[in-house]
Amino acid sequence: MTLKISDRGRVPPFLVMEVLRAASEREIRGGSVLHMEIGQPSLGLPAGAAAAVAHEVAGGDPMGYTVAQGIPALRRRIARHAHAVYGVEVPVERVFCTMGSSAAFLIAFLTAFAPGDRVGLAAPGYPAYRHILKAVGVEPVLLPVGAETRFQPTIEMIEGLGLDGLIVASPSNPTGSMLPPEALQALAEYCHGAGIRLISDEIYHGITYGMTAATAAAFSPSAVVINSFSKYYCMTGWRLGWLVLPEDMMRPVECLAQNLFISPPTISQIAAVRTFDHLEELDAIVRGYARNRDLLVHGLAGLGIDKVAPPDGAFYVYADVSHLGPDSRELCRRMLDETGVAVAPGWDFDPADGGRFVRFSYSGSTATVITAIERLRDWLPKRNA
Ligand SMILES: Cc1ncc(COP(=O)(O)O)c(C=O)c1O
């Protein structure tokens with residue numbers, strides 16, 4: 001007998017992970033791979049924080065559950081950091097820690113939206129937004145964005161669409177482009193006035209190259225801010241993120257989180273408190289990303305790949321490669337097979353126009369970026385031979 005299975009699980013796969021699998025298979029066969037498909041820091045917890053965590057573990061901390069919101073010491077550090085970076089007073093009660101920003105999205109979407117609601121989001125954009133929305137019965141409304149608006153949504157794009165929510169990400173994945181503070185402010189104020197719940201993904205804050213990253217918490221009392229220790233803080237596998245919540249969502253989020261997850265990982269919370277003492281190490285890592293970014297953007301331009309989204313932040317270059325063929329997935333497959341350079345096809349981020357683009361991640365070493373450019377310089381002329 002065939003049993004019923006819910007449509008909620010029928011979401012598309014994450015193509016980046018499929019490239020990663022193909023790249024790993026190549027490595028198992030003895031081939032070399034330059035990993036530019038995955039967006040994660042290659043360095044771990046700052047040494048001082050790691051030592052402090054080891055000390056706690058050796059001291060026999062039982063690592064039990066914490067309260068659902070996360071330990072007060074961490075929530076206070078997050079609020080203090082927000083004040084230092086943005087000059088904004090974030091009440092500690094409104095900071096809610098989660099298992100990565102991924103869990104924060106699930107809780108925020110479940111709390112803010114009802115089945116059938118419509119939520120706008122930029123295409124290209126991070127694929128999990130639309131897949132999680134679909135899984136919880138909410139309709140993603142894709143907003144095609146391009147170079148004219150720095151690959152970011154505008155008020156004009158969302159007017160009249162009858163949206164219940166809007167997701168913005170600045171810096172964005174896959175483009176790295178940012179909303180200037182005044183544009184974020186205008187969107188936040190418009191959404192508040194129009195009854196549209198703004199969800200601001202601020203996971204790449206800290207990794208910017210000159211442009212100021214503003215927080216939506218400064219501009220709207222109804223916006224939901226989502227952030228994470230996975231990128232700037234180099235704690236990707238520790239699975240810790242946080243929300244800055246509007247007042248009306250605090251209690252429902254607490255009840256949902258208690259039932260879904262009980263609490264965020266205890267050891268990770270202890271590590272995160274310590275990490276705030278070592279921000280200078282993290283800033284040095286960002287300076288390394290900045291070098292990689294310049295090398296990659298100039299290197300790609302030298303190869304004729306010069307139509308790229310403004311790489312204002314994060315660690316990605318989203319490049320138009322339509323002159324190299326109609327299907328970015330096929331291009332990525334051949335690039336990996338013939339050069340060992342692994343990059344992500346645009347289809348992951350944009351189901352309509354992704355065939356024209358690939359995403360390069362420069363979160364790895366400078367040597368990776370330099371070698372990748374050298375290999376592509378040799379390969380591109382012979383590619384059609
Ligand atoms: C824009 C964006 N948001 C959220 C996430 C999820 O991160 P995490 O669950 O590790 O916090 C990612 C991961 O790559 C991302 O790029």
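In the predicted model, the lining of the second largest pocket comprises, by class, 13 nonpolar, 7 polar and 1 charged residues. This pocket holds about 330 Å³ of space, and of the 21 residues that line the second largest pocket, His81, Val85, Tyr86, His205 and Gly206 are the closest to its centre. Two or more residues of this lining are given by each of the elements α3 (72-86), β7 and β8 (241-244), with the largest share, 5 residues, coming from α3.

The largest pocket has a volume of about 420 Å³, and among the 26 residues of its lining, those closest to the centre are Phe14, Gly39, Tyr126, Tyr204 and Lys231. The elements contributing two or more residues to the lining of the largest pocket are α1 (15-28) and α4 (100-112), and it is α4 that supplies the largest share, namely 3 residues. When the lining of the largest pocket is sorted by class, 13 residues are nonpolar, 9 are polar and 4 are charged. At the level of domains, at least three residues of the lining of the largest pocket are drawn from domain 1 (7-45 + 280-382) and at least three from domain 2 (63-277).

Strand β7, which was named above for the lining of the second largest pocket, spans residues 224-228 and runs parallel to strand β6, to which it is joined by 3 bridges. Within this pairing, Ser200 has Val225 of β7 as its bridge partner. Strand β6 also pairs with strand β5 (residues 165-169), again in the parallel sense, over 5 bridges, and in this pairing Leu166 stands opposite Leu198 of β6.

Because 5 of the 5 residues of β6 (residues 197-201) are buried, with burial taken as under 20% relative accessible area, the strand is largely enclosed by the rest of the structure.

How values were computed
Residues are numbered from 1 along each chain as its sequence is written. This is a predicted model: local features need pLDDT of at least 70, side-chain atom pairs count only at pLDDT 80 or more; totals for chains, interfaces and linings use all residues. Side-chain values use heavy atoms; hydrogens and water are left out. Buried means under 20% relative accessible area, exposed over 50%, partly exposed in between (1.4 Å probe, protein chains only). Helices (H or I, at least four residues) and strands (E, at least two) are DSSP runs, numbered from the N terminus. Two strands pair if DSSP finds at least two bridges between them. On a 1 Å grid over the protein atoms alone, a cavity is a set of points where a 1.4 Å probe fits but cannot get out, and a pocket is an open set with protein on both sides within 12 Å along at least five of seven lines; lining residues have an atom within 4 Å of a point. Grid points are joined across faces, edges and corners, and a volume is the space filled by probe spheres set on the points. Ala, Val, Leu, Ile, Met, Phe, Trp, Tyr, Cys and Pro count as nonpolar, Asp, Glu, Lys and Arg as charged, and the others, Gly among them, as polar. Domain bounds come from an automatic or database domain assignment.
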